[in-house]
Amino acid sequence: MTDSTQQLLDKARAAAEAARQLADQAQHYSDELAQTAAAAASHGLGGGAIDPVVFRLAIFALAVFVGYYVVWSVTPALHTPLMSVTNAISSVIVVGALLSVGVDASSASDSGSDWARWLGFIALILACVNIFGGFLVTERMLAMYKKKG
């Protein structure tokens with residue numbers, strides 16, 4: 001063997017040894033991660049441990065903040081189209097509220113259907129106020145652009 005071949009062989013052995021050490025370290029880290037994940041799951045910190053009520057409440061809070069910033073950043077020229085979209089959303093709420101109010105009281109023996117009926121009735125009233133108020137505001141804004149006389 002020549003010297004250059006021997007040097008290449010030594011470098012290849014050194015690289016193989018370094019790769020083996022890195023593989024051992026990676027295996028050690030993956031074992032530690034698996035142990036940590038198992039410990040977290042046994043303490044209830046893993047996936048699925050969040051209460052659905054808290055999750056839905058967080059979504060509602062985020063929707064409130066996003067809606068607030070979206071509505072207050074609208075220019076006056078875009079107010080009428082925004083009211084039209086709001087009326088369309090409220091009409092979907094009316095359909096859901098009507099379905100909720102129409103829950104058959106005899107189909108369920110618990111008080112859940114009573115709650116659904118009352119909350120549906122309240123949603124129906126609020127959505128109707130929103131729809132008709134939106135139409136009144138839109139009509140008033142469109143009247144500002146009509147010629148007087």
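The structure is a predicted model, in which local features need pLDDT of at least 70 and side-chain atom pairs count only at pLDDT 80 or more, whereas totals for chains, interfaces and linings use all residues. Residues are numbered from 1 along each chain as its sequence is written, and side-chain values use heavy atoms, with hydrogens and water left out.

The side chains of Glu 17 and Arg 20 form a salt bridge with an N to O distance of 2.6 Å, the term being used for a side-chain nitrogen of Lys or Arg within 4 Å of a carboxyl oxygen of Asp or Glu. Glu 17 is partly exposed at 36% relative accessible area, and Arg 20 is likewise partly exposed, at 47%; on this scale buried means under 20% relative accessible area, exposed means over 50%, and partly exposed covers what lies in between, with a 1.4 Å probe and protein chains only. A search of the whole structure finds two salt bridges, and the other pairing joins the side chains of Asp 10 and Arg 13 at 3.9 Å, N to O. Asp 10 and Arg 13 are also three residues apart in helix H1 (residues 3-42), a spacing of about one helical turn. Asp 10 counts as partly exposed at 39% relative accessibility, while Arg 13 is exposed at 52%. In general, side chains of opposite charge can pair when their charged atoms come close.

## Overall architecture and confidence

The protein chain contains four helices and zero strands, which gives the pattern α-α-α-α when read along the sequence. Of its 149 residues, 10% count as buried. The chain exposes about 12200 Å², of which carbon and sulfur atoms supply 70%; accessible areas come from the Shrake-Rupley method with a 1.4 Å probe, and for residues only the protein chains shown count as cover. Among contacts (heavy atoms within 4.5 Å), those between residues 24 or more positions apart account for 60% of the contacts with a separation of 6 or more.

The mean pLDDT, the predictor's confidence in each residue on a scale from 0 to 100, is 76 for the protein chain, and 82% of the residues reach 70 or more. Confidence is lowest in H3, at a mean of 75, and highest in helix H2 (residues 52-72), at 85.

## The core between H3 and H4

The largest nonpolar core has five residues, namely Val 94, Ala 97, Leu 124, Ala 127 and Ile 131. Helix H3 (79-101) and helix H4 (112-144) are the elements that give two or more residues to this core, and H4 gives the most, with three residues. A nonpolar core is taken as a set of buried Ala, Val, Leu, Ile, Met, Phe, Trp, Tyr and Cys residues joined through side-chain atoms within 4.5 Å.

Not counting residues up to four places away in sequence, Ile 131 touches Asn 87, Ser 90, Ser 91 and Val 94. By the same criterion, Asn 130 touches Thr 86, Asn 87 and Ser 90. Asn 130 lies in helix H4 and is partly exposed, at 31% relative accessibility. The C-alpha atoms of Asn 130 and Ser 90 are 7.0 Å apart in space, although 40 residues separate them in sequence.

## Other features of H4

A nonpolar patch on the surface is formed by Trp 115, Trp 118, Leu 119, Phe 121, Ile 122, Ile 125, Leu 126 and Val 129, with about 890 Å² of accessible area together. Patches are made of residues with over 30% relative accessible area and no salt bridge, with like charges joined within 9 Å and nonpolar side chains (Val, Leu, Ile, Met, Phe, Trp, Tyr) within 5 Å. Ile 125, one of the patch residues, is found in helix H4 and is partly exposed at 40% relative accessible area.

Met 141 is also found in helix H4, but Met 141 counts as buried, at 15% relative accessibility. The C-alpha atoms of Met 141 and Pro 76 are separated by 9.7 Å, and the two residues are 65 residues apart along the chain.
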